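Read it with the sequence and structure at hand.

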Amino acid sequence: MSAVTGETMPVGAVPVVQTSRLTKSFGAVHALADLDITVGEGVTGLVGANGAGKSTLIKILLGLLEPTSGAARVLGHDIATEGDRIRQLVGYMPEHDCLPPDVSASDFVVHMGRMSGLPATVARERAADVLRHVGLDEERYRQMGGYSTGMKQRAKLAQALVHDPRLVFLDEPTNGLDPAARVDMLQLVQRIGRDFGIAVLVTSHLLGELERVSDHVIVLDGGRLLRSSATADFLGHTGGLLVEVLGGDAARDQLGEALAQAGLHCRPRGPLVAIDPPPEALAAPGVAHDIVRDTTADLGLALVRIEPDQAHLEDVFLTGGHA
Ligand SMILES: Nc1ncnc2c1ncn2[C@@H]1O[C@H](COP(=O)(O)OP(=O)(O)O)[C@@H](O)[C@H]1O
Ligand SMILES: [Mg+2]
């Protein structure tokens, strides 16, 4: 287990993924460097900027790439010697388009099921089920070359699920999607983990995107582990406050100026006043809260709410990983 993780694994439980000093170099480029991570059940978000090593890690775990050094186990099986067993237990949604344009999603997913060893009738039933779960209805009989990006992503997801895997690797499933389709895809990812009980390792280069659907988040930076924590630990309180008053921008700015005079650093955030964690003199519990309440009352403004300002995943990068 990594030194920077606070996670605990039930005694005796086999981790979904465990790597030990996993390293992959492409010439002078160190795509992964001495990576030690542990992935448990549920949905785990693997985040990091483009080039952080996310896809390389997944390909090594699947046996598509050989590591330069180090070791890894998937569901207790050694990637060096038990690749066939791992591929039976794992589904994979690759990052890039992998769909034949002149085949329907229905035929493709049936075919992928048969490739995984399912008998024809079972493959047809499973394909119909997973295509329904991912939300491809009548379109599933059309050739995939005519699909929108959202439909292609759904077909890619369906083929990863057809053989009823214990674990799926989803590499950038929201890539190329518009905001509404992105939300739909993230809900699907969450359902796979929560409702179907399949362990999920899902990647994104958008740092904040997975915080709502992941139980656990692993942050990679330049092939190294930046942080691995339960999502709740990432999203702790910053110590700041968010305040909303009635009266629009004018009231917001009036309150902001008065709070600044009272010694609180603050700035507008949309319609809200965002107050930084208070300076030491005002840091005792409840003090900043009381100042906000009294200042609002003195100004005759109607207070809608005062609430703790939540930290977000992006903040981890701003603070160097040890927020
Ligand atoms: N086949 C390859 N040949 C050379 N360099 C590669 C290859 N695959 C990945 N890399 C490099 O390894 C690093 C990690 O890439 P990748 O795993 O694709 O990152 P991510 O998926 O996080 O964007 C990048 O610097 C990338 O350019
Ligand atoms: Mg990638």
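## Shell around ligand 1

Strand E2 (29–35) and helix H1 each supply at least two residues of the shell around ligand 1. Helices (H or I, at least four residues) and strands (E, at least two) are DSSP runs, numbered from the N terminus. H1 gives the largest share, three residues.

This is a predicted model: local features need pLDDT of at least 70, side-chain atom pairs count only at pLDDT 80 or more, and totals for chains, interfaces and linings use all residues. Residues are numbered from 1 along each chain as written, chains are lettered from A and ligands numbered from 1 in written order, and side-chain values use heavy atoms, without hydrogens and water.

The shell (residues with a heavy atom within 4 Å) includes Phe 26, Val 29, Ala 31 and Thr 56. By class, the shell has five nonpolar, five polar and one charged residue.

## Polar contacts

Polar contacts here are pairs of N or O atoms within 3.5 Å. A polar side-chain atom of Lys 54 lies 2.8 Å from an oxygen atom of ligand 1. Backbone polar atoms also take part: that of Gly 53 is 2.9 Å from a ligand 1 oxygen, and that of Ala 52 is 3.2 Å from one. Taken alone, ligand 1 exposes 560 Å², and the protein buries 60% of that; areas come from the Shrake-Rupley method with a 1.4 Å probe.

Ser 55 lies in H1 (residues 54–62) and Glu 95 in the loop between strand E7 (90–93) and helix H3 (105–115), so the pair ties together parts 40 residues apart in sequence.

Methods:
A polar contact is a pair of N or O atoms within 3.5 Å; within protein, one must be able to donate a hydrogen and the other to accept it, and residues adjacent in sequence count only if both atoms are side-chain atoms. Ala, Val, Leu, Ile, Met, Phe, Trp, Tyr, Cys and Pro count as nonpolar, Asp, Glu, Lys and Arg as charged, and the others, Gly among them, as polar.
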